[in-house]
Amino acid sequence: MKTVHVEASKAYDILIGKGLYEGLGGRIKEQFPKAKKILLLSDETVYGLYGERVSGELSAHFSVCTFVVPAGEESKSVENYIALLETMAKDRLTRSDLLVALGGGVVGDLGGFAAASYLRGIEFVQLPTTLLAAVDSSVGGKTAVNLSAGKNLAGAFHQPSLVVLDTDCFETLSEQVLRDGCAEIIKYGILSDRALFEALFAGKDYAKSEECVARCVQIKRDYVQADEFDKGLRQCLNLGHTAAHAIEKLSNYSISHGYAVAIGTALIARGATEKGLLSAEQCASILKLLQVFGFDLHCPYTVEEMIDVMLSDKKRAGDQVMLVIPFEIGRCELVKVPVEALGGYFKM
Ligand SMILES: NC(=O)c1ccc[n+]([C@@H]2O[C@H](COP(=O)([O-])OP(=O)(O)OC[C@H]3O[C@@H](n4cnc5c(N)ncnc54)[C@H](O)[C@@H]3O)[C@@H](O)[C@H]2O)c1
């Protein structure tokens with residue numbers, strides 16, 4: 001097992017390894033001796049696979065009530081958020097009780113926001129079960145639900161108090177969900193670790209290994225510690241995401257986030273090369289690694305179509321857009337680009 005310690009507004013540990021649900025209840029009880037009740041949040045797919053086991057472990061030490069939502073992004077809704085709060089109130093959870101989110105980024109974000117606001121904030125534990133949740137959404141305290149006007153428009157910064165990441169869960173992931181997580185892992189290599197980038201040429205088995213996941217969690221931890229509230233440096237984690245958000249939106253979310261990130265990373269890498277900021281050789285290496293993971297890098301939309309969407313994005317600041325530019329593999333920087341020059345940074 002590997003432990004990554006986070007020192008943010010709240011300090012907490014992220015435990016990474018195989019078989020970590022064994023003795024989970026006791027581990028949580030040790031850290032939260034005053035807690036008596038747990039609201040266990042999950043989605044139907046994950047609950048069907050791991051719910052009974054996790055609930056059994058927790059029930060040995062706590063009174064457990066469960067709240068299970070349908071699998072999928074639609075569950076990150078205001079309606080589920082309210083229903084979750086009402087359930088916690090009906091079950092009389094107190095400030096010393098806990099919310100435990102078992103699942104991918106959807107239940108992590110939904111549960112985190114409910115925990116941030118119920119009784120003005122209770123502690124919560126993340127049990128991420130997708131690769132994306134493991135290396136990204138369960139770390140760093142961003143929580144949210146979607147509004148009809150857009151994704152993640154209502155939320156809060158609320159760090160978990162513990163993250164237990166059982167890598168055995170990755171064995172039941174579909175190819176698509178696994179690959180989506182791999183896009184974020186490749187991102188970490190390009191962003192700040194050339195050795196990780198090179199090691200990823202070994203493929204998916206390496207990507208879902210304890211060693212690789214722990215390295216990605218450390219990288220994300222470092223960005224979160226440097227800029228918890230996303231005012232500057234943390235925005236580097238958006239490498240490939242500016243175009244990706246536009247691609248997801250234009251496809252009406254039929255293109256998955258991970259796939260869109262892969263295409264977005266290819267677009268910005270080619271753009272950086274065209275501008276003489278990234279060598280052609282390193283750009284080719286980035287494209288090759290994305291292809292090793294099975295991403296077809298064809299972008300179905302024109303740069304103009306994507307820019308229209310980018311300019312309506314909430315991250316735009318006046319007449320400039322912040323882009324994360326790869327200068328070399330392992331070194332990316334934030335660059336403010338005037339709106340009229342944006343098109344030059346994305347190359348098909
Ligand atoms: N808070 C953050 O910092 C942050 C960062 C990145 C993404 N996100 C959010 O995360 C969400 C996407 O997360 P996701 O990709 O984990 O999606 P998800 O939670 O919808 O999970 C994807 C699918 O995998 C299934 N699944 C989960 N674990 C499984 C397992 N072990 N075996 C089999 N099936 C399993 C789920 O039921 C679901 O159908 C988005 O809402 C995104 O906005 C948040």
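The model is predicted: local features need pLDDT of at least 70, side-chain atom pairs count only at pLDDT 80 or more, and totals for chains, interfaces and linings use all residues. Residues are numbered from 1 along each chain as its sequence is written. The chain divides into domain 1 (2-172) and domain 2 (175-345), with bounds from an automatic or database domain assignment. A ligand is surrounded by 28 residues.

**Domains**

- The C-alpha centres of domain 1 and domain 2 lie 27 Å apart.
- Domain 1 and domain 2 each bring 22 residues to the contact. Two residues are in contact if their C-beta atoms, placed from the backbone, lie within 7 Å.
- On the side of domain 1 that touches domain 2, strand S1 (2-7), strand S2 (11-17) and H5 each supply at least two residues. Helices (H or I, at least four residues) and strands (E, at least two) are DSSP runs, numbered from the N terminus.
- H5 gives the most to this side of domain 1, with five residues.
- By class, this side has 13 nonpolar, five polar and four charged residues. Ala, Val, Leu, Ile, Met, Phe, Trp, Tyr, Cys and Pro count as nonpolar, Asp, Glu, Lys and Arg as charged, and the others, Gly among them, as polar.

**Ligand shell**

- The closest residues to the ligand are Thr45, Ala71, Gly104, Gly105 and Ser137. A residue is near a molecule if its C-beta atom, placed from the backbone, lies within 6 Å of it.
- Two or more shell residues come from each of helix H2 (44-59), helix H4 (105-117), helix H5 (131-137), strand S8 (150-157) and helix H6 (175-192).
- H5 provides the largest share of the shell, four residues.
- The shell holds nine nonpolar, 11 polar and eight charged residues.

**Positive phi angles**

- Most residues other than glycine have a negative phi.
- Arg120 is not a glycine, yet has a positive phi of about 65°. Arg120 sits in the loop between H4 and strand S6 (123-128).
- Arg120 is exposed, with 7 other C-beta atoms within 10 Å. A residue is buried if 20 or more other C-beta atoms lie within 10 Å of its own, exposed if 12 or fewer, and partly exposed in between, with C-beta atoms placed from the backbone.
- Asn252, also not a glycine, has a positive phi of about 55°. Asn252 lies in the loop between helix H10 (241-250) and helix H11 (257-274).
- Asn252 is exposed, with 7 other C-beta atoms within 10 Å.
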